[in-house]
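Open the model in a viewer and keep a selection tool at hand. The stops below are meant to be taken in order.

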Amino acid sequence: MALRRRSARALVYLCRGFESFQGLGLHGPKSTLQLRGLAALAQEAFEEAPQNSKDGKVLHPDLINDDMRRTVYAVRGELMKRGEELRKAGRDIIFTNIGNPQALGQKPLSFNRQVQALLNAPFLLENQKIVAELPEDVVARAKQIMTKLPGGVGAYQDSRGSPFIRQEIADFLQERDGYPANPEHIFITDGASPAVRMCLTALIRDSRDAILVPIPQYPLYSASIQLQGGSLLGYNLNEEQGWSMNVEDLRARLQEGRDNGMAVRALVFINPGNPTGQCLSYQNLKDLIQFAGEEKLVLLADEVYQTNIYQDERPFISAKRVLNDIGGQMAKDLELVSFHTVSKGVIGECGLRGGYMELLNIHPGTIEEMYKIASINLSPNTMGQVALSLMVNEPKPGDASYEKHMEEKGTGLASLRRRAHIMTDGFNSLEGVSCNFTEGAMYSFPRIRLPLKALEAAQEAGKPADTFYCLALLEATGISTVPGSGFGQEEGTYHIRTTILPPEESIKEVIARLTKFHEDFMSKYR
Amino acid sequence: MTVSTDEALAKSDAFPLSEKNISAQVRAAQYAVRGEIVIRAGELEEELKKGKKLPYGDSILYCNIGNPQQLGQVPITFFRQVLALCDYPEMMANPHADKIFPKDVLKRAKEYLAAIPGGTGAYTSSQGAPICREHVAAGITHRDHGIKSDPGNIFMSDGASQSVHTILRMLLRGTQDAVLTPIPQYPLYSAALALYNGTLLPYYLDEQNQWALRLDECKSQVDKARSEGQNVRALIVINPGNPTGSVLSEENQKEIVKFCVRESLVLLADEVYQDNIYIAGKTFHSFKRVAVELGKEAEQLVLVSMHSISKGFYGECGRRGGYMEIINLPADVKAQLIKLSSINLCSNVNGQICTAMMMNPPKEGEESYELFAKERQGLLDSLKRRAKLLVTALNKLEGVTCNEAEGALYAMPQLKLPAGAAKAAEESGKPVDFFYCKALLESTGIVTVPGSGFKQAENTYHFRTTILPPEDQIEEVTERLSKFHAEFMKKYSNSS
């Protein structure tokens, strides 16, 4: 069947090729539709032609894009929907399903919001009573950004984002890594997710194109690959060894893909990991980079949690830095795309939708294509861009807001570190549960060893065992989590993902409720 | 964009991600509004910044894109006050807050903050914050003479463009799926159709009749496509039109609705310019209202209506805000839409709040109403004047005819250029309207979009310009344009 489909596809492309010739005024069949008809016939010969309507509906669920139907995104899936139902019914629900800090009480950084407010309403700058209450660096910064954003926050900017802000990002990268960055190779997007999707869209031509993705993974990757009609090639992270990855393992998976006729195009890694929370060591990164270089894979470095680090042994090191440290030909050849965002860190501005990708060693023709695609959506939203500017270019020592800003950040980070420990310890105290420490990111991903009776009950209910557990947890405690199956996990293991974000005042309560539920659950199914 | 092209790099075939082997759909998609001419304009602007002297003055005049605030349009005060307070609620604790901000501004900001957990910095529900959807639904109900809109059928989005992507993504299964698209069209549609591997089925708008939508034309295109094995899935209607500026009559809209029902087509109603209408005797009628008022005849219509904060009299393009309202979609298809929206988590919250305010602005009697109404009227009157000025000036040019800009933000004149120009264009390897627009840019600094970017009837040539240059500049624009045009016509009439 695959061969037939490929032949049909080849015929379709041939016909489309004729069309392009026609467009240039060269010879070819008269009607474009004749060509289409030809292609359609070819396709029909090998496959059944899709219906147009069913039960009187064109937009019938059975008749929409297949890839879209097959796509799953568990972070806002079944558990969240059930949580919403219960919340509407009056239950007190704690949503720990999604890394959404400000929804759980985290306060935004004052300096940032003050500047944003002024950019939203520049006329406030003429009001002395407002200006008097604001630190002078806030006023200065707002004025500066205004001169750099033609038309202010209400106007479309450059499709890759304001050149000024891209320069600030480049300066930040230089400072962070010790290596220069080219602002022309930075694309600002509405959060990191659209940037990831843009890369996957470019990479995936059809189902033979495969992307290596860590298991467990953040399901943006599986969803996007599915949407694009590509193939996901999972490589397992080793839970017993702190969710580390093994290059030999990677190599074996890669080979498997190739043996199955796949073109393995790229390798994704998430550092710090989501949902797993591990921070990669320098050596890990070096091995990964070398592997990608040897095997000619585009390396997609999801580094959105780079400022969420809760231990001192493995600080964040960017893939770009390690690549440049390696130097030589590799540093010029390896195609690397790195992603960052304002949604995480201590800044936690998820709702603003601001992010960027840095393209390293990407073919200029491809960058042009990406620019073209970016331009169809005109430009990334300006407040998100402003938030990026404020994230990468912070108050400096001596600035009026500096101390307060650093204090807010420090307090926020220290609190996250404490909560990382509280959640990890809490899970580890439960019967049959083991939980690696959250070295970074925002999540706990404990492994739950469920008794046989629970597995049977789950099967009877027609649910994966971890979904069964999570639903029961939700009903009993109001805590909404995401089952491990939503992220991928080793066969026969079960996990759940929660965030470490419930505020410190209530996190002990969360652990208490969780503990009681787990004891009851185990009693019932032991 | 000046991308430094490393010769060796560009020639290399070894890249997994080289231009030759990226997705074909990505390569096929085109978007002229920010295409080659605009890129060239950017280069010229850089040169001007560096102090280079150009014959026409010291500025590039961007008339290629509906980006009002970049050209000096002032935002609506009420919107900006509320948004500032939503971003920094602490400002409300300022002892002078109630003298600086009108009561209704403070009330509104508090309302949004109370209803959106985490304010503007947190992800909302993927469909959009309930309060924003409620305000949008209330606004639609009010606009549509009381016909109720359900907030559950509203999807907030990062601009209307995102909604277009979502719907087309869902509708298109392969090249056999075709969508009726007006020619000329806003090239988001052709680009999205290419990206999602669908087929653009053109229906030509009748330039001789104020760009009228001819249903007989649509019908014959549908029949032809079907006879050749295509599934025609939807009809795109842009009303008011972009780039044409034409506004449909209610009669016409009724016929369109009935046509869609008869032919089982989803109606995709791009209504982002609904607040930009300049002609007496023409009003905006939403397709939703038209369909509902038709009663039984239109009961089966599947409709997706799209709106945005980018246009109108608010012009908040950069903020990326909008919504789509879906009518008669089966519940499980709606669930798929929600699922798709959830992968990007949510649209930006500032944009959602602004969209809510667009649909639920200050009401008469409220503190901010007077200023709001004044700002709104002032802007619409100005746009009306500019539309008239520009179209009049364009019609004075030799060989140029331009339909009235009844609505939207553009003028789309037709050019009848001498044979000499066609020849020179062919030699340069470009369509003649592109050639004209490029020459226009180099000679005058005015940035426009060639008609080929929007598609047009064969052997016709157009360009699109916005009506947005500020009033004190618009005369300058028309002068530079007239001078250039006269010279161009002279040059190419003699040479053949």
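This is a predicted model: local features need pLDDT of at least 70, side-chain atom pairs count only at pLDDT 80 or more; totals for chains, interfaces and linings use all residues.

Residues are numbered from 1 along each chain as its sequence is written, chains are lettered from A and ligands numbered from 1 in the order in which they are written, and side-chain values use heavy atoms, with hydrogens and water left out.

**Chain A.** Select chain A, which has 20 helices and 14 strands (DSSP runs numbered from the N terminus: helices are H or I with at least four residues, strands are E with at least two). Of its 526 residues, 60% are buried (buried is under 20% relative accessible area, exposed over 50%, partly exposed in between, with a 1.4 Å probe and protein chains only).

**The interface.** Now show chain B beside chain A. The contact takes 105 residues from chain A and 107 residues from chain B (contact means heavy atoms within 4.5 Å). The two chains bury about 9300 Å² between them, 59% of it on carbon and sulfur atoms (buried area is the accessible area, with a 1.4 Å probe, that two parts lose on being put together, summed over both). Across this interface there is 1 salt bridge (a side-chain nitrogen of Lys or Arg within 4 Å of a carboxyl oxygen of Asp or Glu). Select Asp87(B) and Arg113(A) to see a salt bridge of 3.8 Å, N to O. On the side of chain B that touches chain A, helix 13 (residues 331-343) of chain B gives the most, with 8 residues.

**Arg319(B).** Which loop holds Arg319(B)? Look between strand 7 (303-308) and strand 8 (322-327) of chain B. Arg319(B) is buried, with a relative accessible area of 1%. Leaving out residues up to four places away in sequence, Arg319(B) touches residues of both chains, including Asn120(A), Val153(A), Asn381(A), Arg80(B) and Asn348(B).

Select residues 364-376 of chain A, helix 15. Of its 13 residues, 12 are buried, among them Glu369(A), Met370(A) and Lys372(A). Leu378(A) follows helix 15 of chain A and has a positive phi, near 70 degrees. Then go to helix 17 of chain B (residues 432-444). Its buried residues include Phe434(B), Phe435(B) and Tyr436(B). Just after this helix, Gly445(B) takes a positive phi of about 80 degrees.

**Salt bridges within the chains.** Over all chains the count comes to 59 salt bridges. Select Glu295(A) and Arg251(A), whose closest N and O atoms are 3.4 Å apart. Glu295(A) sits in the loop between helix 12 (282-294) and strand 6 (298-302) of chain A, and Arg251(A) in helix 11 (residues 247-259) of chain A, so the pair ties together parts 44 residues apart in sequence. Glu295(A) counts as buried at 17% relative accessibility, whereas Arg251(A) is partly exposed at 29%.

Move to chain B for Arg233(B) and Asp177(B), a salt bridge with closest N and O atoms 3.9 Å apart. Arg233(B) is in strand 5 (residues 231-238) of chain B and Asp177(B) in strand 3 (residues 177-183) of chain B, so the pair ties together parts 56 residues apart in sequence. Both are buried: Arg233(B) at 0% relative accessibility and Asp177(B) at 1%.

Definitions and conventions
The expected span of a helix is 1.5 Å times one less than its number of residues.
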